[in-house]
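Dear colleague,

Please find the structure below, handed over for your own work.

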Amino acid sequence: MDRRTMLGMTAAGLVAAGTARAQTGPDRPSDLPWPPRETFDLWPGKAPGTPAKLPTLVRYGPDGRELWLRGIAKPTLSVYRPANPNGIGILSIPGGGYQFVSVENEGHNVAKVLNPLGFTVFALVYRLPGEGWANRADVPLQDAQRAMRIIRTRAAEFGIDPKKLGILGFSAGGHLAASLSTAYNDPVYEPVDATDRAWTRPDFSGLVYPVTTLAESGSPSRSRANLLGPSPMNEATARYDAVRRVDAGTPPLFLLHAADDPIVPLEMSTAMIAAARTAGVSVAAHFYDKGGHGFGMALDPKHPAHGWGALYASWAMRMANGG
């Protein structure tokens with residue numbers, strides 16, 4: 001089962017597929033060791049809105065190719081340290097349609113590309129909104145805000161400058177990154193400790209084949225339904241429509257997309273670019289004629305977008321050092 005098929009399935013179908021896999025034999029995960037050695041929980045106790053019955057972690061890789069996670073009861077942050085740090089941190093936010101978290105393709109592999117260039121990478125495993133949590137629409141942003149606060153509070157320990165912390169989000173993780181870039185100041189949870197006094201706004205934001213608007217139509221992605229539920233309130237829909245919320249306080253943006261993406265249309269990125277230009281926000285963009293969806297860091301040399309990580313790294317370095 002490839003990612004395109006998975007993202008097109010209904011939530012009920014996803015649960016059924018996961019159950020069938022568990023019943024018919026062992027999972028077929030990739031050989032990626034997980035979690036990484038330097039991994040810690042985001043919350044000191046229970047996460048906000050904890051349900052009476054916690055979801056059960058399911059780890060699997062479709063056809064043995066890559067690692068996906070579901071049933072995330074304890075969201076985590078994993079640290080990937082470079083041999084020669086440049087003082088810049090990147091919070092990587094994997095996608096998965098808010099149905100799963102693609103931690104290998106859009107987390108671990110981000111470090112593979114950016115660590116050798118000096119960047120310290122933090123891979124976020126966030127809770128999924130449809131797994132019983134209260135205030136489901138706020139759940140991913142709660143974890144993303146908390147992650148930013150932890151990284152900034154412990155910046156010296158991680159060897160980064162707290163004023164040089166960017167993000168890189170993919171697909172639904174791109175939506176979460178866009179939400180963090182526009183709704184960073186939204187009070188989506190009650191403070192739990194001193195860490196929650198830290199600032200959450202990214203200093204620069206990379207959005208890769210991102211969901212940016214939660215309009216009723218225009219995308220086969222299930223992100224809207226999975227985040228907001230079957231009958232979303234207008235307030236939640238407006239809050240998480242990143243295009244509408246771009247303003248002068250939005251950090252500089254980097255957009256990357258393939259024109260033939262069958263899951264998240266190119267217009268999701270072009271709408272974000274237009275909103276950024278209207279608001280006077282610096283924006284860089286790179287589009288490919290082919291490439292599809294879910295290609296992550298495009299590690300395959302034959303992929304049309306192979307090498308795009310160097311473009312992001314160059315841009316991030318420039319943004320971190322004053323533009």
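In which strand is Ile 90 found? Ile 90 belongs to strand S5; helices (H or I, at least four residues) and strands (E, at least two) are DSSP runs, numbered from the N terminus. The model is a predicted one, in which local features need pLDDT of at least 70 and side-chain atom pairs count only at pLDDT 80 or more, while totals for chains, interfaces and linings use all residues. Residues are numbered from 1 along each chain as its sequence is written, and side-chain values use heavy atoms, with hydrogens and water left out.

Neighbours within four places in sequence aside, its contacts (heavy atoms within 4.5 Å) include Leu 114, Phe 122, Ile 167, Phe 204 and Tyr 312. The C-alpha atoms of Ile 90 and Pro 202 are separated by 9.4 Å, although these residues are 112 apart along the chain.

The sheet

The protein has 11 helices and 10 strands, and 58% of its 323 residues count as buried. Eight strands form an open sheet with mixed pairing, in the order S1-S4-S6-S5-S7-S8-S9-S10; two strands pair if DSSP finds at least two bridges between them. At its edges are S1 (39-41) and S10 (283-288), each of which pairs on one side only. On average, neighbouring strands of this sheet are turned by 20° against each other, direction ignored (axes are lines fitted to C-alpha atoms, for helices over the stretch in contact, and angles run from 0 to 180 degrees between N-to-C directions).

S4 (residues 76-80) and S6 (residues 120-125) run antiparallel and are joined by five bridges, with Val 79 partnered by Phe 122 in S6. S5 (residues 89-93) runs parallel to S7, again with five bridges, and Gly 89 stands opposite Leu 165 in S7. Four bridges join S7 to S8 (residues 205-208), also in parallel; here Gly 169 has Leu 207 as its bridge partner in S8.

Is strand S7 mostly covered or mostly open? S7 (residues 165-170) is mostly covered, with six of its six residues buried. Leu 165, Ile 167 and Gly 169 lie on one side, and Gly 166, Leu 168 and Phe 170 on the other.

The helices

Helix H3 (residues 104-114) is largely enclosed by the rest of the structure, because nine of its 11 residues are buried. Among them are Glu 104, His 108, Val 110 and Leu 114.

Helix H4 (residues 139-153) packs against H6 (residues 172-182) at an angle of about 65°, with the axes 10 Å apart. The contact is made by Pro 140, Leu 141, Ala 144, Gln 145 and Met 148 of H4 together with Leu 176, Ser 179 and Leu 180 of H6.

Two further helices lie across the sheet strands. Helix H10 (residues 267-279) lies across S8, S9 (253-258) and S10, and runs at about 155° to S9. Helix H11 (residues 308-320) lies across S5, S7, S8, S9 and S10, at about 170° to S9.

With kind regards

Terms used. Buried < 20%, exposed > 50% of the residue type's maximum accessible area, 1.4 Å probe, protein only. Right-handed = clockwise from strand over helix to strand, strands pointing away.
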